[in-house]
Amino acid sequence: MADDLFKALADPTRRTILDELTERSGQTLFEICARLSMKHRLGISRQAVSQHLAVLEAAGLVETRREGRYKFHDLNTAPLRQIAERWPGPDTPGPEESTP
């Protein structure tokens, strides 16, 4: 599972899609394509965005739900938390706790 997650995060377009879903979760493919085109000036086809979303979904970072004929994409940050918990850092005092 970690391999899929790192593969999904390796691509800058997929990270941009995640940024957009962070800003507003529950978007349709049309909405995501429009935001990538208008806000980020990415000239990418709907098919390419759909393929990127499939990679993100396989990694568990995006969940989909259908309402009628619409398919909505929601961000799921649980896999990121699992990675962060996998390699905890040493407990070091923060700047406010250290004394000279």
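Student: Which residues in helix 2 meet helix 3?
Tutor: This is a predicted model. In it, T16, I17, E20, L21 and E23 of helix 2 meet I32, R35, L36, K39 and H40 of helix 3.

Student: How do the residues of that contact divide into nonpolar, polar and charged?
Tutor: Four are nonpolar, two are polar and four are charged.

Student: And at what angle do the axes of the two helices cross?
Tutor: The axis of helix 2 (residues 12–23) and that of helix 3 (residues 29–40) cross at roughly 105° and come within 11 Å. Angles of 65 to 115 degrees count as roughly perpendicular, and helix 2 and helix 3 are therefore roughly perpendicular to each other.

Student: What does I32 touch, leaving out residues up to four places away in sequence?
Tutor: I32 touches I17, L21, Q27, V49, L53 and H73.

Student: Which residues of the largest nonpolar core touch the most other members?
Tutor: That core has 17 residues, and those touching the most other members are I17, I32, V49, L53, L56 and L61.

Student: Which element gives the largest share of this core?
Tutor: Helix 3 does, with four residues. Helix 1 (2–10), helix 2, helix 3 and helix 4 are the elements that give two or more residues.

Student: Changing topic: is H52 buried or exposed?
Tutor: H52 has a relative accessible area of 14% and buried means under 20%, so H52 is buried. H52 lies in helix 4 (residues 46–58).

Student: What does H52 touch, again not counting residues up to four places away in sequence?
Tutor: H52 touches D11, T13, R14, I17 and I44.

Methods: Residues are numbered from 1 along each chain as its sequence is written. This is a predicted model: local features need pLDDT of at least 70, side-chain atom pairs count only at pLDDT 80 or more; totals for chains, interfaces and linings use all residues. Side-chain values use heavy atoms; hydrogens and water are left out. Buried means under 20% relative accessible area, exposed over 50%, partly exposed in between (1.4 Å probe, protein chains only). Contact means heavy atoms within 4.5 Å. Axes are lines fitted to C-alpha atoms, for helices over the stretch in contact, and angles run from 0 to 180 degrees between N-to-C directions. Angles under 35 degrees count as roughly parallel, over 145 as roughly antiparallel, 65 to 115 as roughly perpendicular and the rest as oblique. Ala, Val, Leu, Ile, Met, Phe, Trp, Tyr, Cys and Pro count as nonpolar, Asp, Glu, Lys and Arg as charged, and the others, Gly among them, as polar. A nonpolar core is a set of buried Ala, Val, Leu, Ile, Met, Phe, Trp, Tyr and Cys residues joined through side-chain atoms within 4.5 Å.
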